[in-house]
Amino acid sequence: MVLDSLGMFDAAAAAPEQLAVAVESSRSRLADHPLPPHDEIENVVVLGAGAAGLAGEVVREVAGPLMPVPLLVHKGYGLPNFVGPSTLVLAVSFTGDTEETVEAATEAVLAGAALVSTSTGGRLAALAHTEGTLHLPVAAGAPTDRSALGALVAPPLLALERVGLFPGGGSWIGAAIDQLGRRRDELVVVGNAAHQLAHRLARAFPLVYGGGGPGGTAASWWKAQFNANAKVPAFAGRLPEAGHDDLAGWGQDGDVTRQIMQLVLLRHDFEHPQVARAFGVLDDLLGEVTGRVHVVEAAGEGMLAQLLDLALFGTVASLYAATEQGVDPGPTPALDEIAFRLSAEG
């Protein structure tokens with residue numbers, strides 16, 4: 001019997017439906033609320049921490065390269081000094097009570113920025129109600145923030161589309177829904193690829209590398225999922241940056257790392273040609289100092305579809321890694337403890 005008290009497997013299987021519901025919910029709210037036109041926006045800041053911060057990275061990698069203004073993801077307290085009346089601030093928090101995000105969103109209002117918030121409720125929703133700003137609710141059904149990636153990503157992407165900074169964003173999301181459906185159908189089959197990967201990892205720690213911004217963001221998502229779901233150390237990096245620092249640290253203790261670490265390479269269709277070449281070099285170099293090398297190929301049409309496809313694969317693999325060790329993937333007592341202590345000391 002699988003130990004899964006919060007229904008994390010069911011939440012992962014509902015990823016395409018979650019994204020579709022988030023689109024419908026956000027569009028109805030966006031249609032009824034005025035937002036500044038794109039020619040009045042000089043920069044965009046996405047606020048978020050944890051899973052919401054990674055959702056912000058997805059928004060940056062997907063929409064950022066196509067936007068005529070810069071987009072920054074801010075994961076901490078306070079705000080960059082440039083935030084002002086010409087800034088669109090997208091604040092994302094699953095509960096709406098992430099203290100870094102609430103503080104930054106409050107400062108954004110005081111700075112005169114246009115604020116669009118996304119949460120299930122909490123202080124972010126209360127701030128929006130008090131200030132008369134747009135609040136896009138997180139679609140119901142996900143038990144935790146890390147099982148709500150689609151619900152956290154869709155609202156800010158659609159907000160950017162609504163103000164004219166990300167034309168065609170809805171079609172990108174539609175392609176992602178289609179691909180998530182296909183990948184989900186593969187991953188619910190007995191003996192699926194994610195389950196096989198988790199079984200081969202056994203008690204090893206995953207070292208996950210992706211290419212460029214999209215692959216690096218997917219690798220960070222994998223790391224966070226293995227940390228929180230399987231309760232194991234995991235590490236993430238990205239090419240080409242790894243070729244400037246990370247790889248220097250793997251030459252001396254291969255006899256140790258080979259016993260405790262395995263390499264996972266996340267590939268997608270949007271890699272720079274030099275990054276694609278670097279993966280071959282990475283495989284050669286780290287294949288000697290890690291126990292095994294696994295390759296996961298993204299599928300789907302468009303960068304958003306492929307990024308969310310890799311994220312779903314990593315989520316399911318981490319859930320199976322938890323079951324391999326008899327661990328309940330849902331509760332995170334260590335994270336609850338640090339949150340409690342910081343709250344008590346505050």
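## Close-up views of a predicted model

**View 1. Helix α5 on the sheet.** Helix α5, residues 122–131, lies across β3, β4 and β5. The helix runs at about 145° to β4. The model shown here and in the other views is predicted.

**View 2. Helix α3 on the sheet.** Helix α3 spans residues 51–63 and lies across β1 (43–47), β2 and β3 (87–92). Its direction is at about 170° to β2.

**View 3. The five-stranded sheet.** The sheet is open, and its strands pair in parallel. Their order is β2-β1-β3-β4-β5. The edges are β2 (71–74) and β5 (134–137). Each has a single partner strand, so one side of each is left without a neighbour in the sheet. On average, neighbouring strands are turned by 20° against each other, direction ignored.

**View 4. The pairing of β4 with β5.** Strand β4 covers residues 114–119. Four bridges join β4 to β5 in the parallel sense. Serine 119 stands opposite proline 137 in β5.

**View 5. The crossing of helices α8 and α12.** Two packed helices are described by the angle between their axes and the distance between the axes. Here the helices are α8 (residues 193–201) and α12 (residues 303–324). Their axes come within 8 Å and cross at roughly 50°. The two helices are therefore oblique to each other. The crossing of α8 and α12 is right-handed.

**View 6. Residues in the contact of α8 with α12.** From α8 come Ala193, Ala194, His195, Leu197, Ala198 and His199. They meet Phe313, Val316, Ala317, Tyr320, Ala321 and Glu324 in α12. By class, the residues of this contact divide into nine nonpolar, two polar and one charged.

Technical notes
Residues are numbered from 1 along each chain as its sequence is written. This is a predicted model: local features need pLDDT of at least 70, side-chain atom pairs count only at pLDDT 80 or more; totals for chains, interfaces and linings use all residues. Side-chain values use heavy atoms; hydrogens and water are left out. Two strands pair if DSSP finds at least two bridges between them. Axes are lines fitted to C-alpha atoms, for helices over the stretch in contact, and angles run from 0 to 180 degrees between N-to-C directions. Contact means heavy atoms within 4.5 Å. Angles under 35 degrees count as roughly parallel, over 145 as roughly antiparallel, 65 to 115 as roughly perpendicular and the rest as oblique. A crossing is left-handed if the near helix is turned anticlockwise from the far one by less than a right angle, and right-handed if clockwise. Ala, Val, Leu, Ile, Met, Phe, Trp, Tyr, Cys and Pro count as nonpolar, Asp, Glu, Lys and Arg as charged, and the others, Gly among them, as polar.
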